[in-house]
Amino acid sequence: MPVLFAFLMPFGLNLSLLLILWFISSWFKVDKIVLRNGLKNKWFLLLLSFLVLTIISAMFSQNTKEAVTAIEVKLSFLAFPYFFFLFKFEEGTIQRVVSAFVSGCLFALVLLLLRATWLYFSTGDNYFFYNRFSFMLHVGYFSMYLLFSIVLLTLVYPVWFKQDKWIRPFSVFMTILFSIGIFLCASKIGIIAIFIVLLLIPLVKFKEVITIKRIGIALMALSAIIILLYNALPTPFERLANAFNTASSQNIDKTSSESTAVRMLIWGECIDIIKQNFWFGVGVGDANDVLQNSYRQHGLTGALAHNLNTHNQFFQTFIGLGVSGFIVLLIATLGTMVYGFIKKNIVLVLFSVIIILNFLVESMLQTQAGNLFYMSMLCLLLNYNLTEFKTGEMHTHS
């Protein structure tokens, strides 16, 4: 079940039935000792507390429909802590789960490339860019999936398959392919994140042999790659340039619906709402209604017309749950990054970096695609340090 789930996740399918079957099948694998230890695990309790806060907040929300939806999408904060903290997986199973996720990303990307190619030759239209390219998942989510796969390919696969001569060229080829996929998605935060992560990976992987000369060579190589990418795929860079120009502008048109401009306007409204509802928030069911009223009052017609949320998960959580929910989310993101450093779990560190970057510009926990990826991979990485796997030996952290 977990292997099938990991493989299908990049296709943007509704996996509710699969999770239910996984839950039912888990009843036949209960170990009382593992169960008791898991129930006392601080990370299990922290993640579960986020769902509890959501349920309590929903009970006091006026918009019942939105409150129920908020609980439904946050059930991942129960499901995956249950799967990964209350049950012990064999090392081979975790390896298959990780490999299935990377394989799922590969098959999904190949499907998108084949579809875009077929549509180009049959209709003449360009389906190699942005939402027209990534039609199964929002470009931000798919870029995030591909980027995390690159982390796994470069840091984990060489450890697991170090006896195989094909692993290095395979990892390089897949990294290039997934990087092209991220640029075709043209998600601004996806492009920023890939440059940050691709700078961090060599620092981690080759930290013992890093010199100023080699850093200089690497920066020159990166600059050359950026120039080549700009000439081959100029549109993503133009989107980035427009985003930075908008962010630095002091006068933003309140009627704008351009993605960067409208985010800047929305975040200003979020800060005002948080100041007025600091302790308990406005309720998870009423958060978007309060935002819409604020847009209406202050003339943000672009944001109002598209019924936009905060486009920042930290703001979204703070508005809905107040300071307690914000602190829990901060620990579950920034805290896990620090924990990864302490435990020398570099994959968890880079995963947290990717999540934080994406949470800054998207309300990713308002959707199933964001919740499923975040909670499944976070719970897996909190329990298993993938780069420490050895044949016949299980490495877990409680």
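**Exercise 1. Find which residues L51 touches, leaving out residues up to four places away in sequence, and place L51 in the fold.**

Step 1. L51 touches I71, K74, L75, F77 and L78, where contact means heavy atoms within 4.5 Å.

Step 2. L51 is found in helix α4. Helices (H or I, at least four residues) and strands (E, at least two) are DSSP runs, numbered from the N terminus.

Step 3. With a relative accessibility of 4%, L51 counts as buried. Buried means under 20% relative accessible area, exposed over 50%, and partly exposed in between (1.4 Å probe, protein chains only).

The model is predicted: local features need pLDDT of at least 70, side-chain atom pairs count only at pLDDT 80 or more, and totals for chains, interfaces and linings use all residues. Residues are numbered from 1 along each chain as its sequence is written, and side-chain values use heavy atoms, with hydrogens and water left out.

**Exercise 2. Describe helix α4: its span, its N-terminal cap, its buried residues and what covers them.**

Step 1. Helix α4 covers residues 42–59, which is 18 residues. From first C-alpha to last it reaches 26 Å, close to the 26 Å expected at 1.5 Å a residue; the expected span is 1.5 Å times one less than the number of residues.

Step 2. The N-terminal end of α4 is capped by N41, which has a side-chain oxygen 2.8 Å from the backbone nitrogen of W43.

Step 3. The buried residues of α4 are W43, F44, L46, L47, F50, L51, T54, S57 and A58. An α-helix has 3.6 residues a turn, so residues three or four places apart point the same way.

Step 4. The cover over these buried residues includes α3 (32–39), α5 (64–73), α6 (76–85), α17, α18 (323–342) and α20.

Step 5. T336 is buried, at a relative accessible area of 1%.

**Exercise 3. Work out the surroundings of E362 and of H311.**

Step 1. E362 sits in the loop between α19 (346–359) and α20 (368–383). E362 is buried, with a relative accessible area of 14%.

Step 2. Leaving aside neighbours within four places in sequence, E362 is in contact with H138, R263, H311, N312 and Q313.

Step 3. With R263, the side chain of E362 makes a polar contact to the side chain at 2.6 Å. A polar contact is a pair of N or O atoms within 3.5 Å; within protein, one must be able to donate a hydrogen and the other to accept it, and residues adjacent in sequence count only if both atoms are side-chain atoms.

Step 4. H311 is found in the loop between α16 (301–305) and α17 (313–321). H311 counts as buried at 15% relative accessibility, and has a positive phi of about 55° although it is not a glycine.

Step 5. Y130 also has a positive phi of about 55° without being a glycine. Y130 lies in helix α8 (residues 130–133) and is partly exposed, with a relative accessible area of 25%.

**Exercise 4. Describe the chain as a whole and its largest nonpolar core.**

Step 1. The chain has 20 helices and zero strands. Its radius of gyration is 22 Å, close to the 21 Å that the globule rule gives for 398 residues, so the chain is as compact as a globular protein of that length. The radius is taken over C-alpha atoms, and the rule is 2.2 Å times the number of residues to the power 0.38.

Step 2. Of the 398 residues, 51% count as buried.

Step 3. The largest nonpolar core has 132 residues, among which F148 and L386 touch the most other members. Such a core is a set of buried Ala, Val, Leu, Ile, Met, Phe, Trp, Tyr and Cys residues joined through side-chain atoms within 4.5 Å. Helix α9 (residues 139–160) gives the most to this core, with 16 residues.

Step 4. Not counting residues up to four places away in sequence, L386 touches I94, V98, L152, V156, W160, V347, L380 and L381.
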